[in-house]
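Trainee: I would like to learn how to read strands, turns and cores from a set of coordinates. Please take me through an example.

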Amino acid sequence: MTNFVKVAHTADIPSGSRFWIEFEEETLVIFNVNDRYYAIADLCTHDDGPLEDGELQGFEIECPRHGARFDIRSGAALCLPAISAVPTYEVKVEGDAIYVENPDAY
Ligand code: FES
């Protein structure tokens, strides 16, 4: 688990919720969708707005600023005004501990 850091317990991120974690270089949002976890940078690639409070429908999050949507599984930009993917980070669960790739390690 090189480059992974423990960030939470499963009880901290119940299904349908999200969790923010700040690293030195980046803030991540971890989503729990049907007990699977997905982590993305909390930074819209259109104009650097935060995605944290964006509406999540299925696996699509909408930027609250101008409405760009991203797939939280791949980070792919799904509509304008964003054209670039948002960074994603791998999440692992061991027991009740949640680990995420450390964005500061790159
Ligand atoms: S900052 Fe996200 S769509 Fe513009």
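Trainee: In the hairpin of β3 and β4, how many residues lie between the strands?

Mentor: First the terms: strands (E, at least two residues) and helices (H or I, at least four) are DSSP runs numbered from the N terminus, and two strands pair if DSSP finds at least two bridges between them. Here the hairpin of β3 and β4 has two residues between its strands, and N34 takes a positive phi near 50 degrees. This is a predicted model, in which local features need pLDDT of at least 70 and side-chain atom pairs count only at pLDDT 80 or more, while totals for chains, interfaces and linings use all residues. Residues are numbered from 1 along each chain as its sequence is written, and side-chain values use heavy atoms, with hydrogens and water left out.

Trainee: What is phi at D35, and is D35 buried or exposed?

Mentor: Buried means under 20% relative accessible area, exposed over 50%, and partly exposed in between (1.4 Å probe, protein chains only). D35, in the loop between β3 and β4, has phi near 65 degrees, a positive value in a residue other than glycine. D35 counts as exposed at 53% relative accessibility. N34, placed in that loop between β3 and β4, is exposed too, with a relative accessible area of 64%.

Trainee: In what sense do β3 and β4 pair, and over how many bridges?

Mentor: Strands of a sheet pair through backbone hydrogen bonds, either parallel or antiparallel. For β3 and β4 the sense is antiparallel, over six bridges. As for burial, five of the six residues of β4 are buried.

Trainee: Which strands stand at the edges of the open sheet of three strands?

Mentor: Start from the order, which is β5-β6-β7 with antiparallel pairing. β5 (56-57) and β7 (69-71) stand at the edges, each with a single partner strand, so one side of each has no neighbour in the sheet. Strand β6 (residues 60-62) is joined to β7 by three bridges, and I61 stands opposite F70 in β7.

Trainee: Which residues touch the most other members of the largest nonpolar core?

Mentor: A nonpolar core is a set of buried Ala, Val, Leu, Ile, Met, Phe, Trp, Tyr and Cys residues joined through side-chain atoms within 4.5 Å. The largest one has 29 residues, and V7, I30, I40, L51, F70 and V100 touch the most other members. At least two residues of this core come from each of β1 (4-9), β2 (18-22), β3 (27-33), β4 (36-41) and β10 (97-101). Contact means heavy atoms within 4.5 Å; leaving aside neighbours within four places in sequence, L51 is in contact with residues including I40, I61, F70 and V86.

Trainee: What does the side chain of D71 reach?

Mentor: D71 lies in strand β7 and is buried, with a relative accessible area of 11%. Its side chain reaches the backbone nitrogen of R73 at 2.7 Å. Not counting residues up to four places away in sequence, D71 touches F59, A76 and L78.

Trainee: Where is P81, and what is the peptide bond from L80 to P81?

Mentor: P81 is in the loop between β7 and β8 (88-89). The bond from L80 is cis, with omega near 10 degrees.

Note on methods. A polar contact is a pair of N or O atoms within 3.5 Å; within protein, one must be able to donate a hydrogen and the other to accept it, and residues adjacent in sequence count only if both atoms are side-chain atoms.
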